[in-house]
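Trainee: Hi! I'm new to this one, could you walk me through it?
Mentor: Happy to. Ask me whatever comes to mind.

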Amino acid sequence: MGVALLLLVAAWPDPAQPVELLRTFAKGQRFTYAVKSDLTVEARSGTLDTFLPSDLGLEYRFTLDVLSLGADGIAKVRYLRPSITEIEGETFDTPPKRRVQKLDQDILITLSPVNEVLEYKDQPKAKKIGAIRPWSGETQDFIQDSLDDIYRMALFVGSPDSSLDLAPKLPLEEVKVGDTWKRTVSYQPQTLKGTEGKKAVQRLDYVYTYLGKATVNGRSVVRISGALDLDTDLGTYLNQLLKDEGIEDSPIKSMPLKVKGRIQFELDGKTLRTLKADATTEGNFQVFLTRMPDRPIEEERFKGTTTLREVPAKP
């Protein structure tokens, strides 16, 4: 075995040995990312047997400026997301439409070395991302907020702490190749343990897996995957909310929802900042009304893809 090869083997970490995955920052750094999401929805309602497709795309850029750094590695960063562009897919009689939505998001974030948001201060002028897809069913006003959350989750374009923008959340302990850990990324209605079907907004966890180090185009990277599997009934949760407001006769019988999400991350081998992420989501939901319990009044199937890429920072 040659000397160069012996040195390479000696320097390369043993995959069987546990490693600590901590992100490092430096004051004055600026990172810029481009995010692109595409959502395809197939929907049918009422007595319609055919699913009608529609497409939606979202694009935005954001920057992270490292303002200061504590002795414990905790960073004060400034997150800027000025706008987001919506691309409505073409139909039989209209071409694709692009619409820019101003967000003016200027957020001060305290970020730990495991990408955990410790403090979050939004500026008063900032706006949230609007409705992802208008609801067309007859219970529009009642469930639009829940559906918006579903589509934001499918496209990974929610607030910075729940999207791909500050992901992945790193483990709190040392890991070796193949080890997994759970970290909260969002909140959705789930069944409360020890109750008879009662629902509440509980944390939603991704299961991350450490895949080890690799060399890509001569650069050392760390690979991590993420997985989410959600199977719940939004109807129980929404009816509970209505009951809390004094409304006993809800029009909704049930709203089963299934979501499956998968993410592949590549991080810088030295600093563990995210270089790229590729995410896919698929799922479906149905809306059953109490007056029509045997056939969904609305049914949707959706598939989403999202890519995040680090791009050169503008001066």
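Trainee: Let's start here: which strand does Asp-106 lie in?
Mentor: Asp-106 lies in strand 4, which covers residues 97-111. Keep in mind that this is a predicted model.

Trainee: Is Asp-106 buried or exposed?
Mentor: Asp-106 counts as buried, because its relative accessibility is 14% and the cut-off for buried is under 20%.

Trainee: And what does the side chain of Asp-106 join up with?
Mentor: The side chains of Asp-106 and Arg-78 are joined by a polar contact of 2.7 Å. Leaving aside neighbours within four places in sequence, the residues in contact with Asp-106 include Tyr-79, Leu-80 and Lys-121.

Trainee: I also spotted Asp-65. Where does Asp-65 lie?
Mentor: Asp-65 lies in strand 2, residues 52-69. Asp-65 is buried, with a relative accessible area of 12%.

Trainee: Which side chain has a polar contact with Asp-65?
Mentor: That would be Arg-30, with 2.6 Å for the polar contact between the two side chains. Beyond four places in sequence, Asp-65 is also in contact with several other residues, among them Lys-76, Arg-78 and Leu-80.

Trainee: New topic: which strand holds Gly-212?
Mentor: Gly-212 has its place in strand 7, residues 199-216. Gly-212 is buried too, at 3% relative accessibility.

Trainee: What does Gly-212 contact, leaving aside neighbours within four places in sequence?
Mentor: Gly-212 is in contact with Val-177, Val-221, Val-222 and Arg-223.

Trainee: Now the helices. Which residue caps the N-terminal end of helix 3?
Mentor: Asp-233 does, with a side-chain oxygen 2.8 Å from the backbone nitrogen of Gly-235. Helix 3 spans residues 234-244, and its buried residues include Leu-234, Tyr-237, Leu-238 and Leu-242.

Trainee: What comes just after helix 3?
Mentor: Gly-246 is found there, and Gly-246 takes a positive phi of about 90°.

Trainee: How many contacts beyond four places in sequence does the model have for residues 5-11?
Mentor: The model has 1 such contact for residues 5-11, where pLDDT stays under 50. Where pLDDT is low, the predicted coordinates should not be read in detail.

How values were computed: Residues are numbered from 1 along each chain as its sequence is written. This is a predicted model: local features need pLDDT of at least 70, side-chain atom pairs count only at pLDDT 80 or more; totals for chains, interfaces and linings use all residues. Side-chain values use heavy atoms; hydrogens and water are left out. Buried means under 20% relative accessible area, exposed over 50%, partly exposed in between (1.4 Å probe, protein chains only). Helices (H or I, at least four residues) and strands (E, at least two) are DSSP runs, numbered from the N terminus. A polar contact is a pair of N or O atoms within 3.5 Å; within protein, one must be able to donate a hydrogen and the other to accept it, and residues adjacent in sequence count only if both atoms are side-chain atoms. Contact means heavy atoms within 4.5 Å. pLDDT is the predictor's confidence in each residue, from 0 to 100.
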